[in-house]
Amino acid sequence: MDKYYNQIKNSPVFYGMSDDELQGLLECFNARVRKYEEGEMIIRQGDMIKNIYLILKGAVNIEKDTYWGRRMIISQLAENNNIALAFVASKNVESNIDAIAVEDSELLILNYEKCTSMCQNACTRHKVLINNLFEILSKENIELIQKIENISQKTIREKLLTYLSNEAKKNRSNSFEIPFNRQDLADYLNIDRSAMSFELSKLQKEGIIAYNKNKFVLSRQV
């Protein structure tokens, strides 16, 4: 855990804490680091989630399968992001998502009950932590609203342009990289991969976008 100490300290979960406060919390929460191999399941649908998971290294897909086995990617989370905080904060609610490592990853695991239970001394570090968790949940809700905006568009073209526009705004540049390969992007937008690839090619020919693998450049023309 020592090699990740600075990263943990600067994560949204522990923002604003001193070294002494952070060390005390990590000990209080029985914090541990666990490695997950690419493709390994971290959380399964139906699990009762009792821990907070902070990604220290790697990336994790949040996915859901339909009854007929079709995969939908809800989001891909990178370093310093938390997994399924909404479920762990809702007591006795089973997870309806899978969390899967998309590459070799290392996660910090914290016991949620200990995180949110004020100690006998009512120390300020717990108050800071709880405020941070509320801010993270708020951010996740905003990102969910953006996801709904992306997939609620009527056509594949509109879904792609809305998604790419939001990514450009997020990166504050018309040139950016997306976290998805083609299949993952199709699963994220809930569209057919072949139809999506055809539309991407068409948009590039029209001069609206340029792309190479997961790198995109948007023009001002639509």
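Predicted model: local features only at pLDDT ≥ 70, side-chain atom pairs only at ≥ 80, totals over all residues.
**Helix 5**

For the numbering of elements I rely on DSSP runs counted from the N terminus, with helices being H or I of at least four residues and strands being E of at least two.

Residues are numbered from 1 along each chain as its sequence is written, and side-chain values use heavy atoms, with hydrogens and water left out.

Which residues of helix 5 are buried? I found His 126, Leu 129, Asn 132, Leu 133, Ile 136, Lys 147 and Asn 150. Buried means under 20% relative accessible area, exposed means over 50%, and partly exposed is in between (1.4 Å probe, protein chains only).

**Sheet 1-8-3-6**

Next I looked up an open sheet of four strands, ordered 1-8-3-6 with antiparallel pairing. I take two strands as paired if DSSP finds at least two bridges between them. Strand 1 (32–36) and strand 6 (82–83) are the edges, each pairing on one side only.

I then went through the partners of strand 8. Strand 3 (residues 51–57) is joined to strand 8 (residues 105–111) by six bridges, antiparallel, and Asn 51 stands opposite Asn 111 there. Strand 1 pairs with strand 8 over five bridges, also in the antiparallel sense; Lys 35 has Glu 106 as its bridge partner. Six of the seven residues of strand 8 are buried, so the rest of the structure largely encloses this strand.

**Sheet 2-7-4-5**

I moved on to another open sheet, also of four strands, in the order 2-7-4-5 and antiparallel. Its edge strands are strand 2 (41–43) and strand 5 (71–77), each with pairing on one side only. On average, neighbouring strands are turned by 35 degrees against each other, direction ignored. Axes are lines fitted to C-alpha atoms, for helices over the stretch in contact, and angles run from 0 to 180 degrees between N-to-C directions.

Strand 4 (residues 60–65) and strand 5 run antiparallel, joined by six bridges, with Ile 62 opposite Ser 75. Helix 7 (residues 182–189) lies across strand 4 and strand 5, at about 105 degrees to strand 5.

**Helix 6 on helix 8**

How do these two pack, and at what angle? I got about 70 degrees for helix 6 (residues 156–171) and helix 8 (residues 193–205), with axes 10 Å apart. That makes helix 6 roughly perpendicular to helix 8, a label for 65 to 115 degrees. Contact means heavy atoms within 4.5 Å.

**Positive phi**

Last, I checked two loop residues. Arg 172 is not a glycine, yet its phi is positive at about 55 degrees. Arg 172 is in the loop between helix 6 and strand 9 (175–177), and at 79% relative accessibility counts as exposed. Lys 213 also has a positive phi, near 60 degrees. Lys 213 lies in the loop between strand 10 (209–212) and strand 11 (215–218) and counts as exposed at 67%.

Key. Parallel < 35°, antiparallel > 145°, perpendicular 65-115°, else oblique.
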